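Here is my note on the model. Please keep the sequence and the 3D view open while you read.

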Amino acid sequence: LLDCLLELLSTEDLHKNNETLLYCMGAIKFLSGNAVLHNEMVSKGAVEKLLQLMKTINNIKGNDTCFSNLGLLLVQLTVTLRNLADLPLARSQFVCSGAVSELSVALEQRLNDKNVCTYIVRIFSKLSSYNDFCAALADCSRCYILFLALLNKHQKQQDLVIHIIFILGNLTANNNQAREQFFKEKGSVSTLISLFQTYHELDLNAQKSYRERGEEGKNHPEHPSEAEDVLIKLIRVLANLSIHPSVGAALAAAHRVVDLLVTVLEYKSVDDCEELVINTAKAMNNLSYYKVKDSAIQDQKLHIAEMLLKLLMSNDMDGVVEAVRVFGNLSQDHEICDFIIEKKIYKFMIILLDAKNQDVCFSACGVLLNLTVDKNKRAFLMEEGGIGKLVDCLQDFGPADWQLACLICKTLWNYSENITSAASCFGEDTGMLLVLLSSLLDEELVLDYSLDGDGRDHHRQYWEREFKPVAEKLLDRIKSHHLALPTVTVDPF
């Protein structure tokens with residue numbers, strides 16, 4: 001029976017037997033809802049036959065008398081494709097059969113048909129999680145215009161919006177060309193801002209209702225609300241876009257974008273919605289990397305630092321790490337350094353060196369390095385056992401991460417600029433530091449020759465260019481026990 005139904009799709013005339021095809025397609029749709037039949041349907045070429053039928057429908061223009069009647073057939077067809085999209089074999093057929101092109105044409109022709117648009121977007125949403133299809137979709141320049149048109153047309157249709165934003169997040173996750181292309185589309189950023197405002201207001205209203213019902217003190221829902229879910233995925237898109245150098249620089253100067261991110265940090269805590277706050281901190285980290293004229297981040301740096309302090313003091317380790325990363329960028333500014341010292345945030349950074357986590361240590365060490373650029377702030381490293389913790393990090397992570405090892409050495413280099421004796425400067429950690437630096441500068445001992453060619457070259461490059469120069473200078477300084485010549489402070493992290 002399945003063979004017969006599939007055969008009808010390619011033999012019946014759309015104009016003459018529209019109703020027959022509609023019932024046939026309806027039957028196939030229901031069959032595709034049965035997981036037991038999925039593989040059989042795909043192996044019988046269902047995906048190719050369905051896409052061929054879609055192509056035939058797409059060739060019928062809007063002035064044709066049967067154009068509007070085919071909308072119902074397209075709904076059945078797209079639901080079926082959505083049901084099959086999860087299968088590995090089906091995904092390869094979607095890529096090979098030019099599904100992106102046909103689905104985009106159908107989307108463009110049926111922008112006013114919410115049902116057809118919703119199901120096509122759901123197909124894209126499912127398949128964009130896979131690299132091969134995501135790459136094919138990213139190469140379809142028309143898709144960005146279509147997604148923006150749908151977002152503007154159906155801004156308050158959460159089901160449609162959430163899937164489109166999810167797709168855009170996948171497209172911009174690892175593809176610099178997609179980031180640039182989407183950003184350059186007319187009205188792209190203003191559309192995102194408008195969506196942000198819409199769902200931010202919905203979220204505020206939900207919170208207000210929550211308080212009015214006297215439920216504020218109760219445990220928050222385990223999963224994000226619909227409005228929060230849109231904001232989470234929307235901020236992910238902004239964070240992804242800002243990875244592109246020119247796009248990121250433009251967004252860093254976009255005051256409305258930064259205002260909205262700051263607003264999230266103001267009214268949301270990690271206890272309210274962890275994923276939303278952490279995504280916001282990630283976007284803030286990416287934007288704070290850029291030092292641009294009229295930077296919106298710089299205009300609000302102290303207020304942002306205040307908001308990050310709340311996150312830093314939370315019990316959420318992921319949130320703490322993201323806050324530290326933003327401080328790593330902001331602490332290149334002397335006012336932020338003053339803030340870190342005044343609020344004793346540096347003590348927290350030193351404590352984080354004990355986390356035994358490479359990423360956490362890297363971010364915390366970046367902040368400490370920036371603080372040591374100021375000669376008047378270096379004494380803080382003597383508190384909380386800072387020197388010993390840096391040496392421990394160097395021992396734990398040195399050979400595995402030459403960038404982190406380099407940061408540690410730069411921090412100790414700045415700290416020891418006015419050294420008079422190694423013992424008074426580094427205390428009981430002097431001996432261990434001497435042994436460690438000598439060992440880490442031994443090429444035969446530390447370079448892993450078991451790595452493949454590219455990995456070995458990458459490993460050696462960082463050791464030679466990043467770590468070795470500063471480590472050698474630091475070792476010579478410690479051995480000499482005092483400064484014979486004036487030295488230059490290492491540039492900020």
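1. **Ground rules.** This is a predicted model, where local features need pLDDT of at least 70, side-chain atom pairs count only at pLDDT 80 or more, and totals for chains, interfaces and linings use all residues. Residues are numbered from 1 along each chain as its sequence is written, and side-chain values use heavy atoms, with hydrogens and water left out.

2. **Domains.** The chain is divided into domain 1 (1-139) and domain 2 (376-482). These bounds come from an automatic or database domain assignment. Taken over C-alpha atoms, the centres of the two domains are 60 Å apart.

3. Start with helix 23 (358-372). Helices here are DSSP runs (H or I, at least four residues), numbered from the N terminus. Helix 23 has 15 residues. From its first C-alpha to its last it reaches 21 Å, close to the 21 Å expected at 1.5 Å a residue. The expected span is 1.5 Å times one less than the number of residues.

4. How many residues of helix 23 are buried? The count is 12 of 15, so the helix is mostly covered. Buried means under 20% relative accessible area, exposed over 50%, and partly exposed in between (1.4 Å probe, protein chains only). Among the buried residues are Val 360, Cys 361, Leu 368 and Leu 369. What covers them includes helix 20 (317-330), helix 21 (334-342), helix 22, helix 24 (386-397) and helix 25 (402-415).

5. **Helix 24.** This helix has 12 residues, which should span 16 Å at 1.5 Å a residue. Its end C-alpha atoms are 16 Å apart, which agrees. Helix 24 is mostly covered, with 9 of its 12 residues buried. The buried residues include Gly 386, Lys 389, Cys 393 and Phe 397.

6. A salt bridge is a side-chain nitrogen of Lys or Arg within 4 Å of a carboxyl oxygen of Asp or Glu. By this rule the count comes to 21. One of them joins Glu 180 and Lys 184, with the closest N and O atoms 3.0 Å apart. Why are Glu 180 and Lys 184 separated by about one helical turn? They are 4 residues apart in helix 12 (residues 176-184). Glu 180 is partly exposed at 27% relative accessibility, and Lys 184 is exposed at 62%. Another salt bridge links Glu 322 and Arg 325, at 2.8 Å between the closest N and O atoms. These residues are 3 apart in helix 20, again about one helical turn. Glu 322 is buried at 6%, whereas Arg 325 is partly exposed at 27%. An α-helix has 3.6 residues a turn, so residues three or four places apart point the same way.

7. The side chains of Glu 335 and Lys 301 meet in a salt bridge (3.2 Å, N to O). Glu 335 lies in helix 21 and Lys 301 in helix 19 (residues 301-312), so the pair ties together parts 34 residues apart in sequence. Glu 335 is partly exposed, at 33%. Lys 301 is buried, at 11%. Elsewhere, Asp 3, Glu 40 and Lys 44 are linked in a network of salt bridges.

8. **Asp 159.** This residue is in helix 11 (residues 158-171). Is Asp 159 buried, partly exposed or exposed? Asp 159 is partly exposed, with a relative accessible area of 31%. Leaving aside neighbours within four places in sequence, Asp 159 is in contact with Thr 118 and Arg 122. Contact means heavy atoms within 4.5 Å. The C-alpha atoms of Asp 159 and Glu 226 are 8.8 Å apart, although 67 residues separate them along the chain.

9. **Two positive phi values.** Most residues other than glycine have a negative phi. Phi of Asp 294 is near 60°, a positive value. Asp 294 sits in the loop between helix 17 (274-288) and helix 18 (296-299), and is exposed at 53%. Phi of Lys 356 is near 55°, also positive. Lys 356 is in the loop between helix 22 (345-352) and helix 23, and counts as exposed at 51%.
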